[in-house]
Amino acid sequence: MPKYLVQGSYTAEGTKGVLAEGGTGRREAVERVLSSCGGTLESMYFAFGPDDFHIVVDMPDDVSMAATAMAVRATGAVTSRAVRLLRPEEIDEAARKSLDFRAPGA
């Protein structure tokens, strides 16, 4: 199952929700939305700095990840970005692919 790193921040309204529910309440909400698309939560961390949270999730496919991201972002309580993560074995497979490529100017 594809794995994604989701990083993001809460808006002022979203932060009020975290204060009311706590971190475990948000984790439960994340688990619920992921499972509704067939996904699972691997890890979730809150952080200081430009991002309020870092989450690693497993989703059935890119479309499920996109649907989840759009639904969450549409609330206006969160800004986020998702990055598709590749396993070392997937990089091995990519490295074995034969490509016909010429560098610019070569």
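This briefing walks through the sheet, the core, the ring pair and the salt bridges of one predicted model. Because the model is predicted, local features need pLDDT of at least 70 and side-chain atom pairs count only at pLDDT 80 or more, while totals for chains, interfaces and linings use all residues. Residues are numbered from 1 along each chain as its sequence is written, and side-chain values use heavy atoms, with hydrogens and water left out.

**The sheet and its helix**

- Let's begin with the strands: four of them form an open sheet in the order S2-S3-S1-S4, with antiparallel pairing. Strands here are DSSP runs of E with at least two residues, helices are runs of H or I with at least four, and numbering starts from the N terminus. Two strands pair if DSSP finds at least two bridges between them.
- S2 and S4 sit at the edges with a single partner strand each, so one side of each has no neighbour in the sheet.
- From one strand to the next, the twist averages 20 degrees. Axes are lines fitted to C-alpha atoms (for helices, over the stretch in contact), and angles run from 0 to 180 degrees between N-to-C directions.
- S1 and S4 pair in the antiparallel sense over 8 bridges, and Leu-5 stands opposite Val-83 in S4.
- H1 packs on the sheet and touches S1, S2 and S3. The direction of H1 makes about 155 degrees with that of S2.

**The nonpolar core**

- The largest nonpolar core here has 14 residues, and Val-6, Tyr-10, Phe-53, Ile-55, Val-57, Met-59 and Met-65 touch the most other members. Such a core is a set of buried Ala, Val, Leu, Ile, Met, Phe, Trp, Tyr and Cys residues joined through side-chain atoms within 4.5 Å. Buried means under 20% relative accessible area, exposed over 50%, and partly exposed in between (1.4 Å probe, protein chains only).
- Strand S1 (3-10), helix H1 (12-36), strand S3 (53-58) and helix H2 (62-73) each supply at least two residues of this core.
- Leaving aside neighbours within four places in sequence, Val-57 has contacts (heavy atoms within 4.5 Å) that include Val-6, Leu-34, Leu-41 and Met-65.

**The ring pair**

- There is 1 aromatic pair. Rings of Phe, Tyr and Trp (its six-membered ring) pair if their centres lie within 6.5 Å; planes under 30 degrees apart count as stacked, over 60 as edge-to-face and the rest as tilted.
- The rings of Tyr-10 and Phe-53 have centres 5.2 Å apart and planes at 55 degrees, so this pair is tilted.
- Tyr-10 is in strand S1 and Phe-53 in strand S3, so the pair ties together parts 43 residues apart in sequence. Both Tyr-10 and Phe-53 are buried.

**Salt bridges**

- The whole structure has 8 salt bridges. Each is a side-chain nitrogen of Lys or Arg within 4 Å of a carboxyl oxygen of Asp or Glu.
- Asp-51 and Arg-81 meet in one of them, at 2.9 Å from N to O. Asp-51 lies in the loop between strand S2 (40-46) and S3, and Arg-81 in strand S4 (residues 78-85), so the pair ties together parts 30 residues apart in sequence.
- Asp-51 counts as buried at 10% relative accessibility, whereas Arg-81 is partly exposed at 40%.
- Lys-16 and Glu-13 form another, with the closest N and O atoms 3.1 Å apart. Both lie in helix H1, 3 residues apart, about one turn of the helix.
- Arg-84, Arg-87, Glu-89 and Glu-90 are linked in a network.
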